[in-house]
Structure formats: C-alpha cells, structure tokens
Amino acid sequence: MFPWRAAVPGVASTTMRRRWVTSLRVTPKCGERGKGSLACAAASPALQRQRSSVAPFSRLSADERAFVMTLTTSEMMNSTSDLAPTEAEIALFLDFDGTLVEIAPSPADVDVDRRLPAALDTLRHSLGGALALVSGRPISFLDSALDPYRFDTAALHGAEIRLGGDVHSRAAVPAEMRSALRDLVRFANSHVGIIVEDKHISVAMHWRLAPQLADEALDLLRAVASRMGPGVRLQEGKSVAEIVPASASKGAAISQLMQLPPYAGRRPVFIGDDVTDEHGFAAVNALGGLSIRIGDGETRAAGRIASPTTLRSILLNAAERGRLTASDFSEG
Ligand SMILES: [Mg+2]
C-alpha cells in the first residue's frame, strides 16, 4: 500500500504533493501521463545532479514543480504500483548523544567521527529519504555537528520537528521558562560543575562534572517544573534533566513522522541510549518496528548494540554497500 494513502486516506493537498515528491523513486518510464510522467518528473536534472532517487520539491525546476502540481489526486493515487517501498524497507530514527557519538563530559565537547555525516547522507538516500535524527539537542547544534548535511530532525525531545527542510511543528515556549532559566542559572553559578543549557523551548541542567550534586540539582528541577504547572514535564537522562513542554516526547515525534512521507509505509527502527529514548522505543514497538538500545540498562527496547562505536561501524559498512536493512542491526 502506498505510504501516504495509508496514512491520509483520500487527501492530496498542495502540501502533501510537495512532500510526496521527496519520496518518489525514479523509474525509467517517461512520456505518459500518470505513473510514467510522474516518475519522469521525479527523474529530473535536480535528481540527477545529486545522483539520488529522491529530491526535495524545492530542488525541482519551475517547470517540474508546475507539472507535479497539475497532477490530480487519482493520478497520484494510481501511480504507485512500482514506486511503493517493499515490506523490508525501513525508516531509520537515530538519537545523537550516546548513540551516534560517545557522551562527552560537557555537551559542547562531543567528538563526531569525520566519516559519519557523509555516511548518514548516503544511508538517507538509500532509504528513500527516510532517516531522521531524534535528539534532545537543538536543530542548530545537530546541523553544525553533521555539517554540511541537513537531516530531518525531531529536536528538543520532539518539541521541534524539521521535515524536508521546513519546520513541520514547534511547541510553544512554556510560560515562565525565562524565570525557570534564571533559577537554574543562579544554582549553576554557585555550584562548580553544574552546566545549564538554554534551548529556548526547553532548559537542561547537566551534572556530569559534579555527580555529588545530582540529588540537589534534581530537587531544584522538580520544584521548578512543578511550579510551572502542567504545561511542562521533567525529562531525566544520564547526568542531566530537562524541563520540556509536556507535549514533547520522542515517541510522539516518531509516531508523527511515521504518518508522513517518506516515512509512512516503512518499518520504523529507532536507536537510542537513554531514559528519554524509552518513549521512542515504546512508539516503534507499537508500530511493529525495531527498537534498539545502545549499552546496558533496563529498557523496553527489543534489541541492543554494545556501543556507539559498534553502531557507527554498522552504519559505515551499510553506507559503503549502499543498503541498510533491519537485519544489519542484529549483527551488533
Ligand atoms: Mg542519547
């Protein structure tokens, strides 16, 4: 079944068409209206320039965009037989810290394997565009860490989602966030080793450099979150806790993306390492996907990979082959 037909029955809005082009696969059939023409539109110079089978709508020429926008809903509905992914094709969702990179003493110090950004880009293309980062980090940080590539991203634990280069959704900044930030900064200023990370929509406090202050830091965070009311929740992690919008969770973000092209219709695989990833594991388990936890610890994940190093090795090898399937992760 074609992905977005399953997700959004009978709907083909302008927005859907624009997103849909990002998940088209190139076929050699050109010249006839319907499947052939649509495939032909997808086999555009923009696609050929980037040697890929998928391209954002924005990269098509003006003529190609105009052509795609003239297609009727039924033409799009009927143009799917050899464009739909096979059952085995996956959508890959990746946490960042502790998953793709080792956790650093402070959040600014992570060390990214120089081969990783290009490998992720290769895998994204091999997955028809269905690769997204699902992290507590802001989009700007992930862009900078994986420069020059820009990936679909569920940032800030899902509070902000970028899809196909556009902001898809963004939670409102919770009331009193500035006041909460001031309280946390005051605590950090009087306690060596405490780091406060202002992410605008959320705020995190890290005590990796001062583990003896964990209880005190958590007590403060709980009190501040409680004062802020039901609009926020406290997301705990490894030597960190974060006040986030109550609506934000990695599981909700993955579920949201799985309803949209190019993710819809694929089998979700989510890989993470921390308590904050448990929502994501539960979501992919419910969707019949594969959940994988990096390292030890109690988890709802169905599988495990020993370390970020092992995961990177799996991803780098798959990028070299130009193909990634769920079974590649069972080798970890
Ligand atoms: Mg992590």
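The structure is a predicted model, in which local features need pLDDT of at least 70 and side-chain atom pairs count only at pLDDT 80 or more, while totals for chains, interfaces and linings use all residues. Residue numbers start from 1 along each chain, following the sequence as written.

Eight strands, in the order S5-S4-S3-S2-S1-S10-S11-S12, make up an open sheet with mixed pairing. Here helices (H or I, at least four residues) and strands (E, at least two) are DSSP runs numbered from the N terminus, and two strands pair if DSSP finds at least two bridges between them. The edges are held by strand S5 (166-170) and strand S12 (303-305); each has a single partner strand, so one side of each is left without a neighbour in the sheet. From one strand to the next, the twist averages 20°, with axes taken as lines fitted to C-alpha atoms (for helices over the stretch in contact) and angles running from 0 to 180 degrees between N-to-C directions.

Strand S3 (residues 152-155) pairs with strand S4 (residues 160-163) in the antiparallel sense, over three bridges. Within this pair, Ala155 stands opposite Glu160 in S4.

Six of its six residues are buried, so S10 is largely enclosed by the rest of the structure. A residue is buried if 20 or more other C-beta atoms lie within 10 Å of its own, exposed if 12 or fewer, and partly exposed in between, with C-beta atoms placed from the backbone. Arg267, Val269 and Ile271 point one way from S10, whereas Pro268, Phe270 and Gly272 point the other way. Five bridges link S10 in the parallel sense to strand S1 (residues 90-94), where Leu92 stands opposite Val269. S10 also runs parallel to strand S11 (residues 290-294), joined to it by four bridges, and Leu290 in S11 is the bridge partner of Val269. Together with helix H12 (residues 278-286), S10 and S11 make a right-handed β-α-β unit; right-handed means that, with the strands pointing away from the viewer, the path from the first strand over the helix to the second runs clockwise.

Finally, helix H13 (residues 308-321) contains Leu316. Leu316 counts as partly exposed because it has 17 C-beta neighbours inside 10 Å. Its C-alpha atom is separated by 8.2 Å from that of Leu120, 196 residues apart along the chain. Leaving aside neighbours within four places in sequence, Leu316 is in contact (C-beta atoms, placed from the backbone, within 7 Å) with Arg115 and Ala119.

Notes. Contact = placed C-beta atoms within 7 Å.
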